[in-house]
Amino acid sequence: MIILCKWFISSFWKIDLIKDKNLFLVDTFVYSGNNGQGTINNGLYNDRYFPGLLDYIKKTTVSDVYYLPTLLINKDFLPSFIKVLKQNNFLAKEPYLKVIDWFNLIILPFVKINLSKNCLKFRNYNIYDLVEDELIFNKFTISKLISGINYNFIKRLSSRAINIKGFIEWYENQVIDRGMILGLRRYFTDVKVIAYQGFVVSPIDNFYIAPTKYEDDHKLTPHLIAVTGKCMLNEPKRNYNIKTIV
């Protein structure tokens, strides 16, 4: 239902081709409603993830900085989605997708993923049953949908001769991040993807935020990860030696 709503509403929006610009793209999230961080109120975005970012950018460059918003789904989804489409300095992803992209997203949950029992081992334990259950349980998750939108959006941008100078990803190493990063590393090979972990969490309970060598081999990781302080520099490197900066 969400796919059909996004498809229908996006079809009424004319696409800004954003030609002749050197784009700096920033991944962010938008919440429904009018009050609080991460919401849009009277046409103004109250940035929760990169507060004050535009204040540090040259005025001649601000017009080339675009947020790529991901709308968090709830009961107020439709009016909030329309606000996202209207927002200045936002580059809504959905209007760029083609009919075939939406169709593929609809059938994606029904596509069977072939797994090899012999290859799914973790510390000498066969975890085939765990992975299979996880795939079945998450067939229709919102994250899977958002990941597909992110990937197809980047793919469609690449066919429009658009120049991306830089990209900042809000990075929790979730499936939605991997969809965006895979698109960039596959279709914009010259773009440096910087991932930002603007949070401090338990590395034991949130072990997934440190990418793995397997993910890097399959172009699912950024080129470097930015953290909030020197004491955090080694946290993203727990699985392999990815470059980190403060």
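A salt bridge here is a side-chain nitrogen of Lys or Arg within 4 Å of a carboxyl oxygen of Asp or Glu. Before you click, note that this is a predicted model, where local features need pLDDT of at least 70, side-chain atom pairs count only at pLDDT 80 or more, and totals for chains, interfaces and linings use all residues. Residues are numbered from 1 along each chain as its sequence is written, and side-chain values use heavy atoms, with hydrogens and water left out.

Start by selecting Glu-94 and Lys-6: they form a salt bridge, with the closest N and O atoms 2.6 Å apart. Glu-94 sits in the loop between H3 and H4 and Lys-6 in helix H1 (residues 2–10), so the pair ties together parts 88 residues apart in sequence. Helices are DSSP runs (H or I, at least four residues), strands likewise (E, at least two), numbered from the N terminus. Both residues, Glu-94 and Lys-6, are buried. Buried means under 20% relative accessible area, exposed over 50%, and partly exposed in between (1.4 Å probe, protein chains only).

Next, pick Asp-101 and Arg-156, whose side chains meet in a salt bridge at 2.8 Å, N to O. Asp-101 belongs to helix H4 and Arg-156 to helix H6 (residues 142–158). Asp-101 and Arg-156 are buried too.

Now hop to Gln-87, in the loop between helix H3 (77–86) and helix H4 (99–107). Gln-87 counts as buried because its relative accessibility is 9%. Show Gly-43 as well: its backbone oxygen lies 2.9 Å from a polar atom of the Gln-87 side chain. Gly-43 is in the loop between strand S2 (40–41) and strand S3 (44–45).

Technical notes. Polar contact = N/O pair within 3.5 Å; in protein donor to acceptor, adjacent residues only side chain to side chain.
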